[in-house]
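Please examine the sequence and the model shown here before reading on. The paragraphs that follow treat each chain in turn and then the contact between the chains.

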Amino acid sequence: MSGYLEGIIILICINSIAAMGVSLLTGFTGIFTLGHAGYMAIGAYTAAILTVRHHVPWLVAVLAAGTLAMIIAYMIGVPTLKLMGDYFAIASIGLGETIRLILENWQSFTRGARGFPGISNFTTLPVAAGFFLAMLILMRFLINGNYGRAFKACRDDFVAASLLGFKTAHYRVLSLAISGFYCGIAGGLMAGFLTYLQPVMFDMQKSTELTAVVVFGGLGSLSGSIIGTVVIGVVTEVFRPISQYRMLIYGAIMVIIMVARPEGIMGQHEIGPKLARSLFARKPANERDGNHG
Amino acid sequence: MADIILKLNNLNKHFGGVHAVQDISFTLERGELAGLIGPNGAGKTTVFNLITGVYSPDSGQILYKGEDIASRKTYEIVAKGIARTFQNLRLFPRSTALENVMTACQQHFRYNFFEAISHLGRWNSHERKIREMSLDLLDRVNLLPVAEQAAGTLPYGHQRRLEIARALALQPELLLLDEPAAGMNPEEVHVLNELIRKIHRDFNLTTLVIEHHMEVIMEICPHIICMNFGALIAEGDPDHIQKNPEILKAYLGEEVED
C-alpha cells in the first residue's frame, strides 16, 4: 500500500475515534458541542510531552492522553452541563477556544505557536486501526445496554428520564467525560501520526467538522458518524489539487446531504444484522403493522 | 387506623402572582383507587408535580409512608416507589415500545460500567431479565404485537397505554395517572377503565387518577377529590360529589340571580 493511501486511512481512523466520542455526546445524549477539538488538543499535547520530554512508552502516553482529556471534560462538565440545549453549545465554543489559547500562550510548556516538533511516528496503520476497532467495540457495547438507554432517555426527554429514576445530570457529565476520553485518545494518536503539533490544528473549524460529521452521518448512529468521517476524509483528499476551492465542494456535499436526508445518512440505524433484516423484510413488517394499526 | 400511604398537609405553591395550589390537604389509604378532578387550571397537575418533585412546594408537607418527601429530588422520590404518567405524553419517541419499557425496567437489574462496556459479568443475565420483564408488561397492556415499533409512530391510544406500562415497570406502590383518557373516544375510554382497574388490582397499587372524563372517575373511583382555583372544594364518594353544589358551580358556572 502506498504511503499516501496509508496516511489517509490512518487519518480517517483517528478522526473516526473522535467522531465516535462526539456521537455519544451529541447523537446519543443530545448535547451539542462546538469545542471538542479542545479535548483532542489536550490529548495530542499530553502524548507529545510525555513521549518526547519524559520518554514514556507511546501506548502509556496515548492512554494517559485520553485519561487527562476525560478528567478535564469531567471538571468542565460538572458546572457547565447545568446549561441546557443551545446554551451549552455556545459555552462549548468558548471552552474549546480557551483550551487552544492556553496551549498557544503557555510557551514554556508547549512552545506555543512555534509548534511542538520531534514526536516519534508511533501511529502506524496497525496501531490506528487497532485503536479504532477497540474503541468502536467498546462504544457499541456501551450504547447497547443500560447506559445507552439512559443516555437516550436524557436526550429524548430529561423530565421523563428523571421520573424513571435517572440522575440525569450524572449521565450528562458521564457522557461528556467519555466523549472527552475518545477525543483525547484521537488527539494522542494524531500526535504520533503528524510528529509535529501546533495549537491551530485544533481550532474551531476542527470542532465544527467533528460535530458536522456526526450530524450528517445521523444523530444517534455510530456507523453514521464513521461513514460521515470517511466521506469528509475522502472528499478532502480527492479535491486536494484544487486547494482552497475544495471547501466549496465540502460545503455543497453537506448541504446536499442535509436537504436530501435531514435525519443524516444513516438516520439512527446502525450497520448490522438488524438493518439488513429490516431492509430485506420490509414487506412482511408492513403487513404486520397493518394488523395492529 | 387505616394504613395511610400518602398524606398532603397544607400544601402551597405560587407561580408569580398565581396561587396554583392553596392549602391542599388530603390522604390516600393503601390500595385506594382515587380520582382528582377539577376544571382546567385547577392545579391538579401541579399537585402531581409537587408530589413527584418536579416542583418544590412553597410550604406544607408531603408525607409518603410517614416520611416527608417535599422538595426531594425526583429520582429519589421515584426510588421510594412513586411513578406517574403525563398529561402530554412523554415517551421516548425514537426508541421502540420495548426500549421505552426496558429503560424503566433496568432500574431493577443494575450492572456496572465495566460490565456494560465489556458485556461480561451480569450484562447477559440482567439484559435478559430486563427484556423478559418488559415483554411481560407490554403483554399486560396488550402492546406485545407492536413491541419493536418506534413509540412515536404508534396510535395515540397505544402511546397512552405504553406510558402506563413504562410507569408500571418501576414497580411503584403509588401510581399517579395524569389524564390517561385525554383525547380518547368512548370506546377507548371503556377499554382504558378496564385496564386501570386491572392493573390496580394485579399490581397491588394505590392509584390516583386526574381526569376530565367524568365517566372514568365516576365509574372507577370510590374516592374523589375535587379542586378548583388551586383549592380543595370537595371530597367524597361519587354520589356525594355528584350532588355537591360547589362542584356543579365549578363545572357549570354560577346561576345569575336578578
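Predicted model: local features only at pLDDT ≥ 70, side-chain atom pairs only at ≥ 80, totals over all residues.

**Two chains and their contact**

Residues are numbered from 1 along each chain as its sequence is written, while chains are lettered from A and ligands numbered from 1 in the order in which they are written.

The secondary structure of chain A amounts to 14 helices and zero strands; helices (H or I, at least four residues) and strands (E, at least two) are DSSP runs, numbered from the N terminus. Chain A has a radius of gyration of 20 Å, close to the 19 Å that the globule rule gives for 293 residues, so it is as compact as a globular protein of that length. The radius is taken over C-alpha atoms, and the rule is 2.2 Å times the number of residues to the power 0.38. Along the principal axes, the C-alpha atoms of chain A fill a box of roughly 70 × 45 × 35 Å.

Of the 293 residues of chain A, 49% count as buried, a term that requires 20 or more other C-beta atoms within 10 Å of the residue's own, with C-beta atoms placed from the backbone. Among the contacts in chain A with a separation of 6 or more, 80% are between residues 24 or more positions apart; two residues are in contact if their C-beta atoms, placed from the backbone, lie within 7 Å.

Chain B contains 10 helices and 10 strands. Its radius of gyration is 19 Å, close to the 18 Å that the globule rule gives for 258 residues, so chain B is as compact as a globular protein of that length. The C-alpha trace of chain B spans about 75 × 40 × 40 Å along its principal axes. Buried residues make up 42% of the 258 in chain B.

Within chain B, four strands form an open sheet in the order E2-E1-E4-E5, with antiparallel pairing; two strands pair if DSSP finds at least two bridges between them. E2 and strand E5 (67-68) of chain B stand at the edges, each with a single partner strand, so one side of each is left without a neighbour in the sheet. Helix H1 (residues 44-51) of chain B packs on this sheet and touches E1, E2 and E4 of chain B; its direction makes about 65 degrees with that of E2(B). For such angles, axes are lines fitted to C-alpha atoms, for helices over the stretch in contact, and angles run from 0 to 180 degrees between N-to-C directions.

Strand E1 (residues 4-15) of chain B pairs with strand E2 (residues 18-29) of chain B over eight bridges, and B:Lys7 has B:Thr27 as its bridge partner in E2(B). Two residues lie between these strands in their hairpin, where B:Gly16 takes a positive phi near 60 degrees. E1(B) also pairs with strand E4 (residues 59-64) of chain B, over five bridges. There, B:Leu8 has B:Ile62 as its bridge partner, and B:Asn12 stands opposite B:Ser59.

The contact between the chains takes 29 residues from chain B and 22 residues from chain A. On chain B, the elements giving two or more residues to the side that touches chain A are helix H2 (74-79), helix H3 (97-105), helix H4 (113-118) and helix H5 (123-140).

Technical notes:
Buried ≥ 20, exposed ≤ 12 C-beta atoms within 10 Å, placed from the backbone.
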